[in-house]
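Thanks for coming. I will take a few minutes on one complex and then stop.

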Amino acid sequence: MSAPSSTPATTSVPGPADTTWAGAVRRFLERNLPLTHLLPSRQPFFVGSWVYIFGVVAITSLVWVVGSGIVLASFGPGWWHIEAMGRFVNSMHFWSVQLLFLFTALHLWGQYFMASWRDGRAPTWIVGVLVFLIALVTGFTGYVSQQNFDAQWIAINAKDGINATGAGSFFNVLDFGQMYGLHVAVLPATVAVALAIHVMLVRIRGVVKPIEPPAPKDAAAQATSGSGTAKGGKA
Amino acid sequence: MDTPATYLELGFIVISVPNLLVILTMVGIFIAALLAPFPGHHAIEEDGDVRPE
């Protein structure tokens with residue numbers, strides 16, 4: 001057997017002049033999101049804390065919310081209100097949502113006190129806030145989609161509030177079809193996309209380093225230089 | 001389940017006992033997460049997911 005002598009004529013090797021959109025996307029992903037960043041074997045030393053678990057637990061809760069929601073949507077309100085298994089899955093859906101928001105709030109606390117928007121991570125923070133806000137609206141549309149008196153009570157009381165914001169003309173909480181469609185399709189898909197972007201941004205930039213106090217020497221030097229350039233001093 | 005929750009009033013702060021319990025639980029979990037040792041926490045500082053700033 002002889003080794004292949006040349007590259008087949010049909011193979012084109014993209015060079016620096018590759019100006020296709022596919023090439024641009026590929027170069028962007030290779031530069032910003034190599035597999036070693038997407039699936040790292042180990043995390044930095046400072047990630048060894050339970051505080052970093054809150055985000056993952058929130059995502060896990062969301063998986064349970066979506067899974068139980070798919071089952072509920074498949075069988076319908078008669079099942080989730082009457083049948084024993086339906087009531088169990090309905091409760092699982094409800095309590096998964098409670099855990100989702102509980103751990104999302106804890107994740108928010110942890111990242112806030114770490115100032116996790118540092119070092120170019122502002123987009124990660126902003127998208128995270130968007131995920132939280134969209135999830136809140138998703139939860140609200142869920143409360144008015146229960147198909148019981150509780151849902152009617154919430155919807156009728158919320159109608160005045162929504163009208164007061166001016167959104168009542170296109171966001172009608174008394175329209176079950178609109179609320180249910182938003183709850184099971186539009187908003188979960190939006191949450192999923194925004195959450196995927198959030199996680200991608202975390203993987204691209206990495207986990208933010210903890211805030212470290214300045215070393216004693218640095219602090220003294222900073223104080224000295226700071227006094228020389230303070231307001232009122234000579235430029 | 002059919003009875004209204006008990007509310008606590010401290011001046012302008014009005015909160016139901018269930019809500020207060022949830023908030024206290026969250027604070028407790030947060031403090032525990034800060035203080036509890038993390039299993040398998042490796043002692044080498046300069047390894048892992050290192051990337052340029």
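Predicted model: local features only at pLDDT ≥ 70, side-chain atom pairs only at ≥ 80, totals over all residues.

For the complex, the predictor gives an ipTM of 0.78 and a pTM of 0.79. Chain B has a mean pLDDT of 83, with 74% of its residues at 70 or more.

Staying with chain B, the secondary structure consists of one helix and two strands. Read from the N terminus, the order is β-β-α. Among these elements of chain B, helix α1, residues 17-35, has the highest mean pLDDT, 96. The lowest mean among them is 94, for strand β1, residues 7-10. How many of the 53 residues of chain B count as buried? The figure is 0%.

Now the helix pair in chain A. Two packed helices are described by the angle between their axes and the distance between the axes. Here the pair is α6, residues 122-143, and α8, residues 176-205, both of chain A. Their axes come within 9 Å and cross at roughly 160 degrees. Angles over 145 degrees count as roughly antiparallel, so α6(A) is roughly antiparallel to α8(A). The crossing of α6(A) past α8(A) is left-handed. As for what makes up the contact between α6(A) and α8(A), its residues divide into 17 nonpolar, eight polar and one charged.

Next, two loop residues on either side of α6 in chain A. Most residues other than glycine have a negative phi. A:Asp119 is not a glycine, yet has a positive phi of about 55 degrees. A:Asp119 sits in the loop between α5 and α6 of chain A. Is A:Asp119 buried or exposed? A:Asp119 counts as exposed, because there are 12 C-beta neighbours inside 10 Å, and the cut-off for exposed is 12 or fewer.

A:Gln147 also has a positive phi, of about 65 degrees, and is not a glycine either. A:Gln147 is in the loop between α6 and α7 of chain A, where α7 covers 149-165. With 15 other C-beta atoms within 10 Å, A:Gln147 is partly exposed.

How far apart in space are A:Phe101 and A:Leu182? The separation is 19 Å, C-alpha to C-alpha, and in sequence the two are 81 residues apart.

That is the end of my part.

How values were computed:
Residues numbered from 1 in each chain as written. Chains lettered and ligands numbered in written order. Helix = DSSP H or I, 4+ residues; strand = E, 2+ residues; numbered from the N terminus. Buried ≥ 20, exposed ≤ 12 C-beta atoms within 10 Å, placed from the backbone. Axes fitted to C-alpha atoms, helices over the stretch in contact; angles between N-to-C directions. Parallel < 35°, antiparallel > 145°, perpendicular 65-115°, else oblique. Left-handed = near helix turned anticlockwise from the far one by under 90°. Nonpolar A, V, L, I, M, F, W, Y, C, P; charged D, E, K, R; others polar. pLDDT = per-residue confidence, 0-100.
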